[in-house]
Amino acid sequence: MSQWSQVQQLEIKFLEQVDQFYDDNFPMEIRHLLAQWIESQDWEAASNNEAMATILLQNLLIQVDEQLDRVSQEKNLLLIHNLKRTRKLLQGKYHGNPMHIAVIISNCLREERRILAAASMPVQGPLEKSLQNSVVSERQRNVEHKVSAIKNSAQMTDQDVKYLEDLQEEFDFRYKTIQSLEQSDKNSALIKQEMLALQAMLNTLDYKRKEVLSKIGRVIHEIDMLMSNMLTEELLDWKRRQQIACIGGPLHGGLDQLQNCFTLLAESLFQVRRQLEKLDELLTRLTYDGDPIPVQRPQLMEKVNFLLYNLFRNSFVVERQPCMPTHPQRPMVLKTLIQFTVKLRLLIKLPELNYQIRVKATIDNNRRFVLCGTHVKAMNMDESANGSLSVEFRHLQPKEMKSSAGSKGNEGPHMVTEELHSISFETQVCLYGLTINLETSSLPVVMISNVSQLPNAWASIIWYNLSTNDPQNLSFFNNPPAATLSQLLEVLSWQFSSYVGRGLNSEQLNMLAEKLMGQQVSYSDYQLSWAKFCKEHLPGKSFTFWVWLEAILDLIKKHILPLWIDGYVMGFVSKEKERILLKDKTPGTFLLRFSESNLGGITFTWVDQLENGEVTFHSVEPYNKGRLAALPFADILRDYKVIMADNVPENPLKYLYPDIPKDKAFGKHYSCQPNEVSKPSDGGVKGYVPSVFIPVSKILNDSTDPHSPSDLLPMSPSVYAVLREHLSPTAIETAVRCKLFH
């Protein structure tokens, strides 16, 4: 079943997450129509290779054209229109930057895998539960309801101001009429009657002025309360969800809802501001003793301007944190002289601001780094799918300044990966006579000068965003706090779900917990130090826990990804637990686990039974990326042979734990037909014997002791090929012994 077919079968809450990352940059319609073709391309490789990305973009447009031909025959007018529009959009947007579409599609496919993984393992950890608190959802609904009510109140006050304006015009007319009559007969009954009516009208004007000012004051107070309490909390919650999403957590939404609230509040405040300006105009035409306008209006206008300043300042946010397109799953790690992208949004969406706001990007204040590339751009509503007012910097790159002595500070492999920096952004809004300076900053970033520093830099990013809500604590690692182990394990599972498409289950996490803290019964409240996670070597090893885990992630990503996604790699299981699981199983049952002693190694262990009924276990020397680059792991499992004491090569691997026939589990991942060693007469380069890779081990049945890894070293394929073709079984055994023990 294709990945897209699996996505469509998800529950509605997961489908809503999928909907969040499909927009005009890559329409879901194209994802649906070209599902199989899209999934068969290597978009991640293309995101780092412009020539490959160019070819894929051309092929994508060809695929769209073929769909256009098909729907044209079906005379589906709506689909024809949408496909033509999409084709034009894709060609126009990515013709000059094909790697950008490769990055987008790669990210979409990865997020789909992450959501599928989350759906298959619905157990939530403490962090995810805290982000999905029902109180938060209730507050969101309350905020939207109150904003809508405030907008209605401001509009109703508009009608009151208009009524007041009409009433004053009538008063002006009658007052001027009386003035003309006074000159002829000041003491007439008509004049006295008109004067009494005019006084009554002035009393009504005074009452209405006080009423309008009171209503305006209530609207301002409601906006103030909403901004000070619930809206501020909503924005902080969104920023926290963004932090968690950056380290692999659940996708964070809600920014569009916040934009709607901020925009409506800004519109309401500007509406109130116009109402106060209208009152000022009325004041210039008529005032009197006890007039409330000159007393209350200045204070109300000052409060409105203050709220507008705060609203605009809070509305300037980093929508997408700094990230190198070459490493989309490692945001906030930036390599010197390598471009990164970052996206800003103003949550107040007003047409008057389109292309009027120019944003400037800078880095730190210590002048150690500078930003090269286009660091000043205008915000606009054209590039975003939902028409938000945003700007995306795509060509920024950090450069380390040379020291005064002419040498480069810490540049090179010794750059500190616990040193935090900040990308800052500033702009100015000029609107309706107001000038507001805006500033915001990215989450702390780590600078590296060599990709070898990436794993440790990413560990710093994980620890920071896991441990603090503070968006700008650049001195965090001067004294890094401990983290709750239960939360850390949840984040580690996210690393697997976001990076390799499948998170970790409770048994796998238990093994990691034991790896970190030793044999303890409960770890829910256990506090783990930064040093234990990333600085101190594991007991008896020459590497840290994080280096060990990162090497496993790299191994999965590059060599066993399909097997991992299918859930066939148990991976994190100790040798002791491995034997407990296998001891009662049918001989030939095996499982796959990651090596605890070799970085980035995977091995398999199977259970066997001697003639006397005793159970034995066999584990091969771990396969690392060098050996897996030569032969796919699924093929190794299919073709693996051992030579027993009777010199008969046979494959001992029958069932994947607990009882899945090997070919049923791995059959679809085999790269070719089972290997057969060709005879010299079968062809090949003249003068040479053709050969293929065959993993072979030698097991001696005269010992019931567990075999060490050296007992199961795979025999060279060429050696085995020659042995099988030209030597007798006795000679093969002799050759094997020579290979094993010399």
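1. Is Q259 buried or exposed? In this predicted model, Q259 is buried, because its relative accessible area is 8% and the cut-off for buried is under 20%.

2. Now look at who surrounds this residue. Q259 sits in helix α12. Setting aside neighbours within four places in sequence, Q259 touches R345, L346, L347, K349 and S388.

3. Helix α12 covers residues 255-285 and packs against helix α13, residues 293-315, at an angle of about 155°, with the two axes 10 Å apart. The angle means that α12 is roughly antiparallel to α13, since angles over 145 degrees count that way. Their crossing is left-handed.

4. At its start, a side-chain oxygen of N505 comes to within 3.2 Å of the backbone nitrogen of E507. Just after the helix, G518 adopts a positive phi of about 85°.

5. Finally, which residues of α16 are buried? They are Q508, L509, M511, L512, A513, K515, L516 and M517. The elements covering the buried residues of α16 include α15 (485-500), β13 (527-528), α17 (530-534) and α18 (545-565). As you trace the list, remember that an α-helix has 3.6 residues a turn, so residues three or four places apart point the same way.

Terms used. Residues are numbered from 1 along each chain as its sequence is written. This is a predicted model: local features need pLDDT of at least 70, side-chain atom pairs count only at pLDDT 80 or more; totals for chains, interfaces and linings use all residues. Side-chain values use heavy atoms; hydrogens and water are left out. Buried means under 20% relative accessible area, exposed over 50%, partly exposed in between (1.4 Å probe, protein chains only). Helices (H or I, at least four residues) and strands (E, at least two) are DSSP runs, numbered from the N terminus. Contact means heavy atoms within 4.5 Å. A polar contact is a pair of N or O atoms within 3.5 Å; within protein, one must be able to donate a hydrogen and the other to accept it, and residues adjacent in sequence count only if both atoms are side-chain atoms. Axes are lines fitted to C-alpha atoms, for helices over the stretch in contact, and angles run from 0 to 180 degrees between N-to-C directions. Angles under 35 degrees count as roughly parallel, over 145 as roughly antiparallel, 65 to 115 as roughly perpendicular and the rest as oblique. A crossing is left-handed if the near helix is turned anticlockwise from the far one by less than a right angle, and right-handed if clockwise.
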